[in-house]
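This report describes a few residues of one protein model and the contacts they make. Please keep the sequence and the structure in view while reading.

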Amino acid sequence: MRTKLPYCAAALTAALALSTGASAQADTTDGQVLTSSNWAGYEAAGNSTDSAEQKFSRVSGSWVQPSADCSTGDGSAAFWVGLGGGSGSESTGLEQVGTEVDCSGGGQGEAHAWYELIPAAPVNLDVDVNAGDHISAWVEVDGNNVKVNLTNETTNQSVTKNLSTENIDVSSAEWIAEAPSACSSDSGCTPVSLANFGDVTFTSATATMNGHTGSISDSAWTSAPLQLGGSSANAVPTSLSDDGGSFGVSVQGADAQTSDPYGNGGGSSTDPYGNSGGTDPYGDGGGYTDPYGNGGGDYSPSPYGYDPGPGYYDGGGWGTY
């Protein structure tokens, strides 16, 4: 078991710290799913035991800013790319930039842009953010120098910050949807309720290590999905796209939407790849326990998802398990 460090940044508005780390229940290796108290998405880490030789210098990604259904209650959700803070990391550093939507009193929530260099407090960026805006972001680290950029491609607003910090961690790269945390000097940091943002899709996700740039699934590093398991709602990532540069994260629970941009289902079960439950035109929906996520049928435990119930061959069926 590896455990993310309990980062506690100083408070932003409403006493929110955007990243407090996450409790992982599996090693960061291909094919395994990390369970987190506040992160959902993907993490990449060096695949060598010599961490001094494998350091990330850049991470980038894009997403369309979701709205939030605030009728289900107050909460927040942050979307970001960053370096450091990975599972099992012994560093207190994390360099990140992204957006957030906050629910308070109903409506569709209010959004803003920010960056954060743990353990310093989050800082708001002067970029307008609204639901439906196409956001691109990147972080670059060179020694103790950090450069962050966030661009609203819809409005053509862009901000780049040149920063410096002693708390550098470049052992991992992340593309994350997060339940931010409320922090205090007395009780530490606790994730707040996850705002029901429905789903978000990360695209154009890349990282750079030792001069080599690749997608999340690049063989130069090891990647793993992270599933958020919270008391009010869960958030699960889909499988990666064929090029390794895109995936979705969907909120489940609390009357959340569970659509999947890759057509891999949704439904009521908590499959970290989004393949369980429901119906799926690509044959990935429904079913019981299928390692390929193809399921279908009432009890179909077939490793290839060939379904003994109604709706034969990969999907269909009852889709209730």
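Cys103 is buried, its relative accessible area being 5%; buried means under 20% relative accessible area, exposed over 50%, and partly exposed in between, computed with a 1.4 Å probe on protein chains only. The model is a predicted one, in which local features need pLDDT of at least 70, side-chain atom pairs count only at pLDDT 80 or more, and totals for chains, interfaces and linings use all residues. Residues are numbered from 1 along each chain as its sequence is written, and side-chain values use heavy atoms, with hydrogens and water left out.

Cys103 is joined to Cys70 by a disulfide, with an S to S distance of 2.0 Å. A disulfide is a pair of cysteine sulfur atoms within 2.5 Å, and a search of the whole structure finds one. The pair links distant parts of the chain, 33 residues apart: Cys70 lies in the loop between β4 and β5 (75–84), and Cys103 in strand β6 (residues 94–103). Strands (E, at least two residues) and helices (H or I, at least four) are DSSP runs, numbered from the N terminus. Cys70 is also buried, because its relative accessibility is 3%. The torsion about the S-S bond of Cys70 and Cys103 is about -75°, so this disulfide is left-handed.

Next comes the charged pair. How many salt bridges does a search of the whole structure find? The search finds one, where a salt bridge is a side-chain nitrogen of Lys or Arg within 4 Å of a carboxyl oxygen of Asp or Glu. Its partners are Glu140 and Arg58, whose closest N and O atoms are 2.7 Å apart. This pair also links distant parts of the chain, with Glu140 in strand β9 (residues 134–142) and Arg58 in strand β4 (residues 56–64), 82 residues apart.

Two further residues remain. Ser36 belongs to strand β2 (residues 34–36). Its side chain reaches the backbone nitrogen of Asn38 at 3.0 Å. Asp199 is part of strand β15 (residues 199–209). Asp199 and Gln65 are 134 residues apart in sequence, while their C-alpha atoms are 9.7 Å apart in space.

The table gives the accessibility of several residues.

| Residue | Relative accessibility | Class |
|---|---|---|
| Ser36 | 3% | buried |
| Arg58 | 23% | partly exposed |
| Glu140 | 28% | partly exposed |
| Asp199 | 24% | partly exposed |

Technical notes: Polar contact = N/O pair within 3.5 Å; in protein donor to acceptor, adjacent residues only side chain to side chain.
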